[in-house]
Structure formats: structure tokens, C-alpha cells
Amino acid sequence: MNFDPLNFDMGIYAVYIWPAYGVSVLVLGGITLWTLLAWRRAKARLAALEAGRETRQP
Amino acid sequence: MNFLFRYANPHHFMRLSGAVLPFTAIATLLCLGAGLYLGFSAPPDYQQGRTVLLMFIHVPAATMAMSVYGAITLCSLLSLVWRHPLSDTAARAAAPLGALFTVLGLITGSLWGKPMWGTYWVWDARLTSFLLLLFVYIGYMALWSAIEDEIRAARAAAILALVGAVNIPIIKFSVEWWSTLHQGESIVSGKMAPVFLAPLLLMMAGYAFLFGTLWMIRIRTAILERRARNLMQAGAR
């Protein structure tokens with residue numbers, strides 16, 4: 001009786017609820033993306049350095 | 001303690017975290033997915049109406065803001081007292097995540113305050129001490145980047161982290177020690193209906209798993225960056 005699957009009607013509170021969810025998704029999604037990109041960048045850089053070293057010092 | 005030191009070796013940490021990461025990532029998605037589904041399906045609260053939905057993102061963010069600071073404090077203690085080799089890296093990697101959770105706690109709280117209290121902000125003990133937490137995070141990160149010598153920077157940052165830790169119990173108990181507009185604790189005391197408690201706990205678990213996942217990736221990134229720096233220095237010689 002109390003369960004109303006995925007009710008997105010926020011009524012008069014929509015102006016507070018949606019921005020709060022929006023900012024949360026933006027910030028958490030943003031830092032996740034940033035973290036993954038930094039990891040990939042660091043991995044690529046180390047691989048390039050290691051490859052360079054191997055060719056210099058066989 | 002032995003356990004902590006066994007995985008202090010960066011090589012061991014890389015292996016262990018690499019094995020754990022897929023599971024924490026999946027746990028994050030499952031908890032957040034289930035939490036959001038139950039949250040958006042929950043009935044309006046009898047007093048707050050549908051603004052109860054704000055609880056599902058405000059409480060996890062605020063809780064993580066303080067828990068992450070607790071983790072930084074623990075790492076700083078391990079670094080200062082036992083010279084644990086990875087703890088400085090771990091503490092530094094956690095700080096931006098903690099700062100962002102603090103920002104989210106402030107924004108979502110403010111958007112909850114307006115419809116429920118009639119104001120976005122009051123200088124009550126809980127809100128003020130929580131804002132102070134953001135400044136401590138910013139100071140901590142600034143100190144790390146201000147000192148060039150990494151060992152000295154780590155030492156100074158660890159001391160600052162320990163000093164700033166005084167604020168954590170103040171935030172936690174502010175709602176009991178002073179008369180605040182912010183409400184008191186309602187999870188442990190069992191005052192919340194299960195229909196709200198279940199999504200809240202799932203969202204809290206989701207935020208915690210998200211933090212754990214990102215924290216591990218950030219530590220791994222820092223380890224690779226250090227290896228690259230060492231290679232560059234070795235090459236320059």
C-alpha cells in the first residue's frame with residue numbers, strides 16, 4: 001500500500017529535490033570520470049617510460 | 001596491525017586492490033541502483049512530504065564527509081607513529097573525495113533546509129562545524145601542494161589532519177551539545193520507518209563502496225606516478 005514504484009512526481013518540492021540529485025550525480029559522476037582518466041594517463045605514461053628505457057638499455 | 005603492514009608494500013597493494021576493485025565497483029552499482037529504486041518508490045513522509053528523498057543523498061554524503069576524514073586521520077596516525085609507507089599516499093588520495101562529499105553534504109542540506117526550515121543556511125553548531133570541515137579539507141590539500149619536499153609535506157599534512165580531527169566529534173555531537181536547528185540522529189536510535197531506512201542504508205553503503213573504489217584507484221594512480229617519477233630521475237642521471 002505504501003509502495004509506489006518509481007514515483008517521480010515531486011510536487012511543489014521539485015525545485016529542491018531535482019537540483020540536489022542533479023548536483024550529486026554531476027559531482028560523483030565527474031570525480032569518477034576524472035579518477036579513471038587519471039589512472040589511464042598514469043598507466044600510459046609509465047608504459048611509455050618503461051618502453052623507452054628498454055630500448056635505451058637493452 | 002601486521003595485516004596493515006603486509007599490504008603496505010606498493011607491489012602487494014597493487015595486486016590486492018586489483019583483485020578487489022571489480023567487486024567494490026559492482027557493489028557500488030548494486031547498492032546505488034537498489035537504493036535509488038526503493039528511495040523513489042517510498043511514500044511521502046507524513047511531515048516532510050517527498051523532501052524525504054533528499055535524505056537519501058544528504059545523509060550518505062555527510063556521513064562519508066566525516067568517515068573519509070576519519071580515514072585520513074587514521075592514515076596520518078599510521079604515518080606519524082609507525083612510519084607506515086603507503087599511508088601518506090592513501091591519506092592524500094582520500095582528501096579530494098572527502099572534500100567533495102562535504103560540498104555535496106552542504107548543497108543537499110541547504111536545498112533540504114529551505115523547504116523544511118524556511119532557510120538555506122543558519123549558523124547553528126552542526127552547520128557551522130560542518131562548513132569548518134570543508135575548510136580543513138581545503139587547508140589539508142593546500143598544505144600538500146604548498147611544500148615541495150614530499151617527506152616534509154607528508155609530515156606537515158599529517159599533523160594538520162590530526163589537529164583537524166578534533167572537529168569530527170564536534171560535528172557528530174553538536175546536535176546533542178547545543179540547541180541546533182539541525183535534527184538529531186535517527187538511524188541508530190531506531191526512529192525511522194523501514195520504508196525509509198532500507199533505501200537510506202543502501203545509499204549509504206553505495207556511497208561507501210564508491211569511495212572505496214575511487215580511493216583504491218587514486219592510490220594505484222599515485223603509485224604509478226611515483227614509479228614514473230623515479231624512472232625519469234634515474235634516466236636523468
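Leaving aside its neighbours within four places in sequence, which residues is B:Ala94 in contact with? They are B:Val68, B:Ala71, B:Ile72 and B:Trp215, where contact requires that the C-beta atoms of two residues, placed from the backbone, lie within 7 Å.

## Basis of the model

This is a predicted model, in which local features need pLDDT of at least 70 and side-chain atom pairs count only at pLDDT 80 or more, while totals for chains, interfaces and linings use all residues. Residues are numbered from 1 along each chain as its sequence is written, and chains are lettered from A and ligands numbered from 1 in the order in which they are written.

Chain A has 1 helix and 0 strands, helices being DSSP runs of H or I with at least four residues and strands runs of E with at least two. Of its 58 residues, 14% are buried, that is, have 20 or more other C-beta atoms within 10 Å of their own.

In chain A, 31 residues are in contact with 34 residues of chain B; the chain A side comprises 20 nonpolar, 6 polar and 5 charged residues, with Asp, Glu, Lys and Arg counted as charged, Ala, Val, Leu, Ile, Met, Phe, Trp, Tyr, Cys and Pro as nonpolar, and the others, Gly among them, as polar.

## Helix H5 of chain B

The buried residues of H5(B), including B:Phe130 and B:Tyr137, pack against H3, H4, H6 and H7 of chain B.

Technical notes
A residue is buried if 20 or more other C-beta atoms lie within 10 Å of its own, exposed if 12 or fewer, and partly exposed in between; C-beta atoms are placed from the backbone.
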